[in-house]
Amino acid sequence: MIEYSTLSDHELIVLLAHDDNSAFKTLYDRHARILYLAAFKKLPVPHLLEDLLQEVFLTLYRKRSSLSEITNLRAYLHSALRNRIFNELRNSLIHEQHHQQLTVAESTESPCNYDLQLLEKRFGEALDRLSERSREIFLLSRRDELSYKEIAERLGISVKAVEKHMGKALQVMRSEFKDYGVMAVVGLAMVERWV
C-alpha cells in the first residue's frame, strides 16, 4: 500500500496524471490550508477565498494529465490563486462601475464615466501601449496564470527580465485605470505585492 504523505509533490503529480484520487487528496491536504492563510492576509473574505481556492484545485484536477512540467507545485498554486483573486477584484470593479453607471443614468439621466465597453477599450489600448514582449509576458501571467519562473522558462529569458517587463506592464495598467476607483488601485497594488 502506498504511503501518500511521504511522497513528493512531483511523485503525487505523476500519480494524479494516472487518475489517482488519493494523490489529489494528499496534494489538497498538503497545500490548501497554507494557500488559504497566505491569501487571507491579502483578501480577508473567507467565503470568497474558499470558493477561489476550490476553483484552483478543480483546475489542477482538470489539468492533471498535463502537469508534468510543473517543477514547484506550491509556487504554481500560489500564482493560480493570486491570479484568481486579481480576476475577481477586476470583475468586481467592472460590476461595481456598471452598477454605478445604471444608478447615475436612472437618477440623473446624465452621462456616466463608467462604461463596460470603455473599460474594455481602455484595457486594449493599455495593452497596445506595451512593447510586444511586455504584452506577451503580462498575458502569460494574468490570462494563462503562469508563474514568473514558468514564463522565463517558456520564453528562454531570466526571471529578472520577466519581473522588469511585468513592472512596466503594471505601471501602464495603473496609469490607465487610475481614475477607476479604489478597487482597481487595491487590486493592482495587491498583485504587485503578491508577485
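Let me start with a term: a residue is called buried at under 20% relative accessible area, exposed at over 50%, and partly exposed in between, using a 1.4 Å probe and protein chains only. This is a predicted model, in which local features need pLDDT of at least 70, side-chain atom pairs count only at pLDDT 80 or more, and totals for chains, interfaces and linings use all residues. Residues are numbered from 1 along each chain as its sequence is written, and side-chain values use heavy atoms, with hydrogens and water left out.

Helices here are DSSP runs of H or I with at least four residues, numbered from the N terminus.

I'll take helix 3. His47 and Arg62 are exposed there. The buried residues are Leu48, Leu49, Leu52, Leu53, Val56, Phe57, Thr59 and Leu60. Down the helix axis these fall within an arc of 165°, so they line one face of helix 3; the arc is taken from the directions from the axis to the C-beta atoms. In general, an α-helix has 3.6 residues a turn, so residues three or four places apart point the same way.

Now helix 1, residues 9–17. Its buried residues are Asp9, Leu12, Ile13 and Leu16. After helix 1 comes Asp19, with a positive phi near 65°.

Last, helix 4, residues 73–108, which contains Ser79. Is Ser79 buried or exposed? Ser79 counts as buried because its relative accessibility is 2%. Apart from neighbours within four places in sequence, Ser79 is in contact with Glu145, Leu146 and Ser147, contact meaning heavy atoms within 4.5 Å.

Key. Helix = DSSP H or I, 4+ residues; strand = E, 2+ residues; numbered from the N terminus.
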